[in-house]
Amino acid sequence: MLATPNTLNLLDIVALKIPLSEHNLLAGQVGTIVEILAPEVYEVEFSDDDGQTYAMQALPAHQLLKLHYKPLKTMSNTINQFGKGDNVAGDKIQGDKIQGDKNQNDFKNATIGIVAQNQAQATVSNLNQTSGASVAELMQIISTMRQTAAQFPEVISKDITREDIIIDIDDVEAEIQKPEKERNVPKLKKRLLALLTATSVVAAPIAGMTDFANNVMEIGSKLNIELKLPSGK
């Protein structure tokens, strides 16, 4: 059996399938997978011809195309004639009998097709662990929030520091990576509300602050957790 050509691994060279204008990345830009963040989510480093990194971005597998520089190994196409029927790869085939098993096309109710379809549906179900979004989508939102949080002042108020915000984001990420039935929903809600509160007390103007609050609200919506913006926002 041939290996799946788009299986992604650490240090694989990949290209973006779609443009990400919010990150100044074009479709077709080439990067390297430097970390596996979660199932189907990868940290990709984009560098120029001089080896200087110009972007680091968490991306889901469906936005990436693995690049190949060598042809896949394929089975020989040589077919020899031998007596009655054809000899394929050294095995004699007479009439419609292959390795002793008659090849019949009357599979009742297409059983094999039904089983394959059910397995595919189960796989998709496992990838979509939330009713509102896949883990990959939520991880993308968290990655954007981290970039904004890095711009916060070290001390936000007498009770909140930038480190507190980062810890809250870490806790939200850890819960999201768990199977849906194992998530601590009250803890998730508490952390998300803490992040919303932080946006209301940051005094200095920070680019992306409104987007940060909206991202927190979006995570709550996708996880079916009701959140309310702090008064004054």
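**View 1. Helix 2 and helix 5 pack against each other in this predicted model.** Helix 2 covers residues 135–149 and helix 5 covers residues 209–222. Two packed helices are described by the angle between their axes and the distance between the axes. Here the angle is about 155°, and the axes lie 10 Å apart. Angles over 145 degrees count as roughly antiparallel, and helix 2 and helix 5 are therefore roughly antiparallel to each other. Their crossing is left-handed.

**View 2. Residues from helix 2 and helix 5 make the contact.** From helix 2, look for Leu138, Ile141, Ile142, Thr144, Met145, Thr148 and Ala149. Helix 5 brings Met209, Phe212, Asn215, Val216, Glu218, Ile219 and Lys222. What kinds of residue make up the contact of helix 2 with helix 5? Nine are nonpolar, three are polar and two are charged.

**View 3. The largest nonpolar core holds 30 residues.** Which of its residues touch the most other members? They are Ile165, Phe212 and Ile219. At least two residues of this core come from each of helix 2, helix 3 (162–176), helix 4 (185–201) and helix 5. Helix 2 gives the largest share, with eight residues.

**View 4. Now zoom in on Phe212 and its contacts.** Setting aside neighbours within four places in sequence, Phe212 is in contact with Met145, Thr148, Ala149 and Phe152, and also with Ile165, Ile169, Leu195 and Thr199.

**View 5. Another core, of 13 residues, lies apart from the largest one.** Among its members you can find Leu16, Leu20, Ile33 and Leu64.

Conventions: Residues numbered from 1 in each chain as written. Predicted model: local features only at pLDDT ≥ 70, side-chain atom pairs only at ≥ 80, totals over all residues. Heavy atoms only, no water. Axes fitted to C-alpha atoms, helices over the stretch in contact; angles between N-to-C directions. Helix = DSSP H or I, 4+ residues; strand = E, 2+ residues; numbered from the N terminus. Parallel < 35°, antiparallel > 145°, perpendicular 65-115°, else oblique. Left-handed = near helix turned anticlockwise from the far one by under 90°. Contact = heavy atoms within 4.5 Å. Nonpolar A, V, L, I, M, F, W, Y, C, P; charged D, E, K, R; others polar. Core = buried A, V, L, I, M, F, W, Y, C linked by side-chain atoms within 4.5 Å. Buried < 20%, exposed > 50% of the residue type's maximum accessible area, 1.4 Å probe, protein only.
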